[in-house]
Amino acid sequence: MAVLTEAELLQIRRQLHQIPELALKEYQTHAYLLDVIKQMKQDYLEIREPAELPTALLVLVKGSKAKRTIGYRADIDALPVTEATGLPYASKHQGVMHACGHDIHMTVALGVLSYFSEHQPTDNLLFFFQPAEESESGGMKAYQLGLFTGKWHVDEFYGLHDNPSLPAGAIGCRNGTLFAGTTEVNIDIQGKGGHAAFPQLSNDAVVAAAALIMQVQTIISRNIDPVQSGVITLGKLTAGKIRNVIADSARIEGTIRGLTQSMIELIDKRLAEVCQGIELSFGVKVKLELNQGGYWPVENNPELTENFIKYMKQADGVEYVETAPAMTGEDFGYLLAQIPGTMFWLGIEDDSPLHSATLTPQESSISRGIAAITGFLEYRMTED
Ligand SMILES: CC(=O)N[C@@H](CCC[C@H](N)C(=O)O)C(=O)O
């Protein structure tokens, strides 16, 4: 295979789109990626399938005069969303969809890799196809399992996320914090069930959950400095079996976001206090679990990011957009806390937001993204 053509890239993206898989279950995706990569010229490539993280895939492109190893990461998992695009190449996996555009991320990475499989880079390049970005912290797992040690060591890391609010193919970035840190929240409320007609004999878990959900929002409005920001979204609530039985238990799942670690810690602390208050007010037991995993704030490295932005601003054919920090989370934040680097946006121009069942990225963003990233990597390799 030569460098992947636009038509081939489109076909790859659509095939990947049809086989979305959830975090740490990306076996079919892994096999698909491997198949495409094995059809590339192998002269400079070394492929690694780490048994410790079976759906991950690492591909080293050996440089001709390597001064460093530059890492490029693409996440490969999907979301439990039922696709509603009506597209002929919609997801074939019921209830699972690439609703965050990781099919675009993988296709762009394959395009860049195919270019360097034919044009040997001077520095080493390490492509990391990462499982479990949406949950389970695949990036943190990979690092902690030692996947980036020895000859797989990475000196600097780059990675993108697609962005429906930017023009197709535009590159967005900023120095400093690009994305928030997040904490996953699980709250189990244990009350006492009973007959709907005799509430005085029960401790209603639904009423306790409702009060908790409303009080939690006051953390944002009353406890944090209004010129800073934070988000608490409780996206899942389950309780009860039937209308005329008072529910004995309820479960709430959600996520906390803040642009600094101290903001996340403040929100976590206040949430624990609100849970204690609910126990007293409603006579229930509240078990709170907080898990940040690898979803640390995404802090772009000052020097590398300045250089990245400088390149993108003057590169032919690249539309560069300076972006504000976003409350999206990313476990690339963990990797960037260990290895310096830059995360950036790739515009995919769509009315539907990320995580929506109708997300339909503009596919012209793929080749424009590949051109911008390939150009940047070539430029970076000319520097000492
Ligand atoms: C880019 C993006 O949408 N990332 C996800 C990351 C999930 C973080 C974690 N599972 C959590 O929910 O706290 C996001 O939802 O921002």
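The expected span of a helix is 1.5 Å times one less than its number of residues. Helices (H or I, at least four residues) and strands (E, at least two) are DSSP runs, numbered from the N terminus. Residue numbers start from 1 along each chain as its sequence is written. The model is predicted: local features need pLDDT of at least 70, side-chain atom pairs count only at pLDDT 80 or more, and totals for chains, interfaces and linings use all residues.

**Exercise 1.** Check the length of helix 3 (residues 102-118), then work out how enclosed it is.

Step 1: with 17 residues, helix 3 should span 24 Å. Step 2: its end C-alpha atoms sit 25 Å apart, which agrees. Step 3: count as buried any residue with 20 or more other C-beta atoms within 10 Å of its own (exposed: 12 or fewer; partly exposed: in between; C-beta atoms placed from the backbone). Step 4: 16 of the 17 residues are buried, so helix 3 is largely enclosed by the rest of the structure.

**Exercise 2.** Find where the annotated "active site" residues lie, and say what Asp-75 touches.

Step 1: the unreviewed UniProt entry puts "active site" on Asp-75 and Glu-134; UniProt positions use the numbering here, feature names are shortened, and annotations may be inferred rather than shown by experiment. Step 2: they're spread over 60 residues of sequence, yet cluster in space, with a largest C-alpha distance of 9.0 Å. Step 3: Asp-75 belongs to strand 3 (residues 69-75); Glu-134 is in the loop between strand 4 (124-130) and helix 4 (138-144). Step 4: leaving out residues up to four places away in sequence, Asp-75 touches His-102, His-105, Gln-130 and Glu-133 (contact: backbone-placed C-beta atoms within 7 Å).

Conventions. Two residues are in contact if their C-beta atoms, placed from the backbone, lie within 7 Å.
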